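Here are my notes on this one, written for someone opening it for the first time. Have the structure up beside you while you read.

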Amino acid sequence: MKVRWVFAVLMLITSGFLKADQLQLQPYHNARVMFETHIQTDEYVIALGSYKKVAGAWRLDRQQRLSGDLERYTLELPEGHSAENGFDFYLDQLQNFNFRELFHCKSRDCGTSNSWANNHFKILQLYGLDQFQFYGAYEVTTADDKPFYVSLYAIQRGNKRVYLQVDVLHIDKIIELGIASSPESIIKSIETNGYYVFPDLVAADAKGNTRIQIRPAHLQALVEVLVRKANWKVALVGHDYAAVVTVQQQKESQVYAEQLKVSLEEKGVVATRMTAYGLGGLAPAGRGDRVARVEVVLQH
């Protein structure tokens, strides 16, 4: 019997075998697979905003075109299970990884279900009631230097049937400018958790000095957040987990935080709204497989 993968490594039969370059997620119990495809594509559009009416037509207000290995699954959930149940089932699992929300919407804030079904996913079964829809776009990083991009869309139709679309793209090349989270998602993270992990990598520069690689898209999104939240003051907190003494870790992590602060100042953010700190490896919670990170922490 041929083993088929659902949702990259999401299997509909029991197996302990997993590929290293796939996401390990569990299937929704008793869900029926309506459609499935596995292709190489250079034309995948990930929605990073909702559908809005522009010049008489419904269009995405933000999107990104990507290429790579694409797994797509359309699932019908068992009777009595809601669209929110299905959406949360997969979202909860994504949170077990180094995970970043790029965009999320629900109900009528997403625009029309017809736009998602016919214009975006091009799957008729996904056309349902606007008030019972959920969409999310997420970046998942693993040991592979090329991340996964996951799109989830859940909808309840008028006949009470519930469908869930799961798209998983493993990109084939690094996106130099980066894909930023929406300002709304960053604000939600800060207001909910008290902090936001700035999503750029840490690497050595040409002179061998370790620096964070600040990509324009990520920086601009954070600037937009601080413009919208003009009363916010933030701490930029650097972390470093290199196998060196604590004093050296703290010194390096202070450099990361100062680097982000200077970049924000260059974009017009007032310096007095930001304070840089370097904790080294003294706050390991939330580290994941990162060697270093900078957090944006709301100060009260």
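**Notes on the model**

1. Let's start with Lys 122: with a relative accessibility of 62%, it counts as exposed (exposed means over 50% relative accessible area, buried under 20%, partly exposed in between, using a 1.4 Å probe and protein chains only). Lys 122 sits in the loop between α2 and β8; helices (H or I, at least four residues) and strands (E, at least two) are DSSP runs, numbered from the N terminus. Lys 122 is not a glycine, yet its phi is positive, about 60 degrees. Most residues other than glycine have a negative phi.

2. A word on what you are looking at: this is a predicted model, where local features need pLDDT of at least 70 and side-chain atom pairs count only at pLDDT 80 or more, while totals for chains, interfaces and linings use all residues. Residues are numbered from 1 along each chain as its sequence is written, and side-chain values use heavy atoms, with hydrogens and water left out.

3. Now step back into α2, the helix that Lys 122 follows. Which residues of α2 are buried? They are Ser 113, Ser 115, Trp 116, Ala 117, His 120 and Phe 121. Ser 107 is partly exposed, with a relative accessible area of 24%.

4. Next, the six-stranded sheet. It is open, with antiparallel pairing, and runs in the order β3-β6-β10-β9-β8-β7 (two strands pair if DSSP finds at least two bridges between them). The edges are β3 (32–47) and β7 (98–106); each has a single partner strand, so one side of each is left without a neighbour in the sheet. From one strand to the next the twist averages 15 degrees (axes are lines fitted to C-alpha atoms, for helices over the stretch in contact, and angles run from 0 to 180 degrees between N-to-C directions).

5. Look at β6 in that sheet. Ten of its 14 residues are buried, so β6 is largely enclosed by the rest of the structure. With β3 it pairs in the antiparallel sense over 13 bridges, and Gln 64 in β6 is the bridge partner of Ile 46. Nine bridges join β6 to β10 (residues 162–171), again antiparallel. Across that pairing, Glu 76 stands opposite Tyr 163 and Glu 71 opposite Val 168.

6. Where does Thr 74 lie? Its place is in strand β6 (residues 63–76), and Thr 74 is buried, with a relative accessible area of 1%. The side chains of Thr 74 and Gln 165 are joined by a polar contact of 2.5 Å (a pair of N or O atoms within 3.5 Å; within protein, one must be able to donate a hydrogen and the other to accept it, and residues adjacent in sequence count only if both atoms are side-chain atoms). Leaving aside neighbours within four places in sequence, Thr 74 is in contact (heavy atoms within 4.5 Å) with residues including Arg 32, Phe 35, Ile 123 and Leu 164.

7. There is another open sheet, with four strands in the order β11-β16-β14-β15 and mixed pairing. Here β11 and β15 (274–278) stand at the edges, each with a single partner strand, so one side of each lacks a neighbour in the sheet. Neighbouring strands are turned by 25 degrees against each other on average, direction ignored. Four bridges join β11 to β16, which run antiparallel, and Tyr 195 has Val 297 in β16 as its bridge partner. α3 packs on this sheet, touching β11 and β16, and its direction makes about 130 degrees with that of β11.

8. Pro 199 is in the loop between β11 and β12 (202–204). At 19% relative accessibility, Pro 199 counts as buried. Leaving aside its neighbours within four places in sequence, Pro 199 is in contact with Arg 100 and His 218.

9. Last, which element gives the most to the lining of the largest pocket? That is α3, with six residues. The lining has 48 residues, and Asn 98, Phe 99, Arg 100, Thr 141 and Arg 290 lie nearest the centre of the pocket (on a 1 Å grid over the protein atoms alone, a pocket is an open set of points where a 1.4 Å probe fits, with protein on both sides within 12 Å along at least five of seven lines; lining residues have an atom within 4 Å of a point).
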